[in-house]
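Subject: Structure handover

Hi,

Here is the structure for you to open. My notes on what turned up follow below it.

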Amino acid sequence: PIILDLRVKNSTKSPVSVYSSAITVRDEALRHKVRIIYPDILLCRLAANQEVEMELHCVEGVGREHVKWSPVSAASYRLLPDIKIVKPISGGDAEKFAKCFPDGVIAVGKDGKAVVKNPRLDMVSRECLRHPEFEGKVELGRVDGHYIFNVEVIGQMTPTQVVDKSLEILIEQCDSLLAALN
């Protein structure tokens, strides 16, 4: 484990706030590698002549062992929406059609016709199918094999690092399984 220290003494007559920036790395060799990600977290307040002294142990782990090691708050995937305009939608109907989708999914061209601009932004509400004027003019579906992953992280790692590390672990598990089968 990496050992950190927190030693703060209030020698004043007024209260003092102790922030995470006061935590130091004990091992000199690790000081350039380890840093406090959020230095402005209030840890405690010390009254006059109070002090706090702590030894903190950092241990690396994975979320499978305990949720405290999970760098992800939410992860999801979905198939890429497929929006096909099979018959032209123009004029006022094009504007109405565009409003059936989140901003940026459908655009109205200079010729006044609706065109699919960015299907990735669609949340597949299927709202356009409620309107009789669009019946037979649009087909909604999903692109098989084209997945959109959404990974929300909470600080320790970037989404790319989380996915890369997850893939490394998956490959290790597959290798272990193949070795056990052989």
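Start at Ala 75. This residue sits in strand 6 (residues 72-85). Strands here are DSSP runs of E with at least two residues, helices are runs of H or I with at least four, and both are numbered from the N terminus. Is Ala 75 buried or exposed? Ala 75 is exposed, at a relative accessible area of 60%. The cut-offs are under 20% for buried, over 50% for exposed and partly exposed in between, with a 1.4 Å probe and protein chains only. Ala 75 touches Asn 150 and Val 151, leaving out residues up to four places away in sequence. Contact means heavy atoms within 4.5 Å. Ala 75 and Val 151 are 76 residues apart along the chain, yet their C-alpha atoms are separated by 4.5 Å.

Before you go further, some ground rules. This is a predicted model, in which local features need pLDDT of at least 70 and side-chain atom pairs count only at pLDDT 80 or more, while totals for chains, interfaces and linings use all residues. Residues are numbered from 1 along each chain as its sequence is written, and side-chain values use heavy atoms, with hydrogens and water left out.

**Overall picture**

The protein has two helices and nine strands. Their order along the sequence is β-β-β-β-β-β-α-β-β-β-α. The radius of gyration is 27 Å, well over the 16 Å that the globule rule gives for 182 residues, so the protein is more spread out than a compact globule. That radius is taken over C-alpha atoms, and the rule is 2.2 Å times the number of residues to the power 0.38. The C-alpha trace spans about 75 × 60 × 25 Å along its principal axes.

Buried residues make up 19% of the 182. The accessible surface comes to about 13,100 Å², and carbon and sulfur atoms hold 54% of it. These areas come from the Shrake-Rupley method with a 1.4 Å probe; for residues, only the protein chains shown count as cover. Among contacts with a separation of 6 or more, 63% join residues 24 or more positions apart.

On charge, there are 24 positive and 25 negative, and their mean positions are 4 Å apart. Lys and Arg count as positive, Asp and Glu as negative; His and the chain ends are not counted. Each charge is placed at NZ of Lys, CZ of Arg, CG of Asp or CD of Glu.

**Cores**

A nonpolar core is a set of buried Ala, Val, Leu, Ile, Met, Phe, Trp, Tyr and Cys residues joined through side-chain atoms within 4.5 Å. Which members of the largest core touch the most other members? They are Phe 97, Phe 101, Ile 106 and Cys 128, out of 13 residues. Helix 1 (residues 92-99) gives the most to this core, with three residues. Beyond its neighbours within four places in sequence, Cys 128 is in contact with Phe 97, Cys 100, Phe 101, Phe 134, Val 138 and Leu 140.

Apart from that core lies another, of seven residues, including Leu 4, Val 18, Ile 23 and Val 25. Val 25 is in strand 3 (residues 24-25). At 10% relative accessibility, Val 25 is buried. Leaving out residues within four places in sequence, its contacts include Ile 2, Ile 3 and Leu 4.

Val 8 lies in strand 1 (residues 2-9). Val 18, Ala 22, Leu 46 and Val 52 are among the residues Val 8 touches, not counting those up to four places away in sequence.

**Loops**

Most residues other than glycine have a negative phi. Asn 49 has a positive phi, near 65 degrees. Asn 49 is in the loop between strand 4 (42-46) and strand 5 (51-58), and is exposed at 62% relative accessibility.

Arg 126 also has a positive phi, near 65 degrees. Arg 126 lies in the loop between strand 8 (114-116) and strand 9 (138-153). With a relative accessible area of 39%, Arg 126 is partly exposed.

Arg 130 is found in the loop between strand 8 and strand 9. Arg 130 is exposed, at 68% relative accessibility. Its C-alpha is separated by 21 Å from that of Lys 117, 13 residues apart along the chain.

Best wishes
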